[in-house]
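Welcome! Have a look at the model below, and then let us walk through it together, starting with the ligand.

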Amino acid sequence: MLTSSCLFSNSQNPNPEREKVHPNTIMATIQGDNVVVPQMKLERLFCMKGGKGETSYANNSQAQARHARSMLHLLEGVLDNITLPSPDELFTVSDLGCSSGENTLFIVDVIIKHFAKRYEAIGCGPPEFQAFFSDLPSNDFNTLFQLLPPLAIKISLEECLAAEGRRSYYAGGVPGSFYRRLFPAKSINVFHSAFSLHWLSQVPESVTDSKSSAYNKGRVFIHGASECTANAYKQQFQMDLAAFLRSRSIELKAGGSMFLVFLGRTSVDPTDQGGPGLLFGTHFQEAWNDLVQKGLVDGEKRDSFNIPVYAASLQDFKEVVEADGSFTINKLEMFRGGSPLIVSRPDDAKEVGRALANSCRTVSGVLVDAQIGEELSNELFALLERRATSHAAELLEQLQFYHIVASLSLT
Ligand SMILES: C[S@@+](CC[C@H](N)C(=O)[O-])C[C@H]1O[C@@H](n2cnc3c(N)ncnc32)[C@H](O)[C@@H]1O
């Protein structure tokens, strides 16, 4: 059970005057209360591992690819319910948190081909399509752009649909945080975002403040943390999602839609994060403790590092969408995505250990490197790999990701 006794939002702060708005802040509103969100520092640094190397996202995102493919029927169901704009209008799709790799190209292609077929079914030529790939500025857009298939425009609809390995849309990259404005008002027909919205804009400040009751001493993630720490994470999620919705509500065209997929949890208790809890709250946590015990990192250094991820419950999500009021929820479900570990020989414990360490490193490596430097980071992930190898069978059996799948349209 969560109570709000350990944290102050402005509505709970007995002395709101003390919370002066720093010039580098943005305002977020949840349920009518003004809540100050410090300027995101994380967004300048954060990204998945770029390039095409062993620990790159491009090479470690097969699990996401598999989960996305298993949800295609849900995506297509949502696309079918979008009213087709006139074929004379430019049709714009944006993938938020696109990262670098094939996954985003695959999804954008699915969305655009789906609409091309819908126009064909009503006897119209296709409109011009454009797609914006959006992520934080440190994302490896270069690798992504090199993977873009060649453009095949001005072609007929038939050619466009048959154009295997070609691209029937204009493409652009948009750097910036999806927790703020990214596009002009009323410019986007379809927003898509997969496996991204569980990343918070920052680690809640109180979680790494030794004077706060939310201080997450001895831990690097919300999983298994105190109620106060969990409250801080939850509040950060609420503020971030509210900011996301406000921006998208301005940018979405009337009749457009958003399809969102991100890590969720089945437990009501946020300190039980499920799959992400197992990924960041057990062996990864213990690998950090190993570094401390070996005297390579001091305890405070570990405690000042936390993973800015929050796997929400359906209720958490619904509360923020309803409080915002700009969107109607057309679909909301918890989807069992499966394991994030893809291995060719499941009985090879070493391969499983390596897969776990790589998938952890590909998503959190940049943050770990920034905290302790690359050399200690190598040591941390080697320790993680060893621990994961000795728990391989258990990891394969227990590590499961659930995703919140939501489709929203303007109210
Ligand atoms: C796991 S990757 C998902 C990539 C891709 N959508 C896929 O399906 O494989 C998560 C992405 O979200 C991005 N991300 C996290 N926080 C973000 C933010 N505030 N604004 C924009 N992108 C963000 C990360 O940089 C990362 O590229």
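## Around the ligand

Around the ligand sit 24 residues, and G97, S99, N103, S196 and W199 come nearest. A residue counts as near a molecule or strand if its C-beta atom, placed from the backbone, lies within 6 Å of it. Two helices, α2 (62-70) and α4 (102-121), each supply at least two residues of this shell. Helices (H or I, at least four residues) and strands (E, at least two) are DSSP runs, numbered from the N terminus.

The shell has 12 nonpolar, 10 polar and two charged residues. Here Ala, Val, Leu, Ile, Met, Phe, Trp, Tyr, Cys and Pro count as nonpolar, Asp, Glu, Lys and Arg as charged, and the others, Gly among them, as polar.

## About the model

This is a predicted model: local features need pLDDT of at least 70, side-chain atom pairs count only at pLDDT 80 or more, and totals for chains, interfaces and linings use all residues. Residues are numbered from 1 along each chain as its sequence is written.

## The sheet

Seven strands form an open sheet with mixed pairing, in the order β5-β4-β3-β6-β7-β9-β8. Its edge strands, β5 (170-175) and β8 (327-338), each pair on one side only. Two strands pair if DSSP finds at least two bridges between them. β8 and β9 (residues 401-410) are antiparallel partners over 10 bridges, and L332 stands opposite A406 in β9.

## Helices across the sheet
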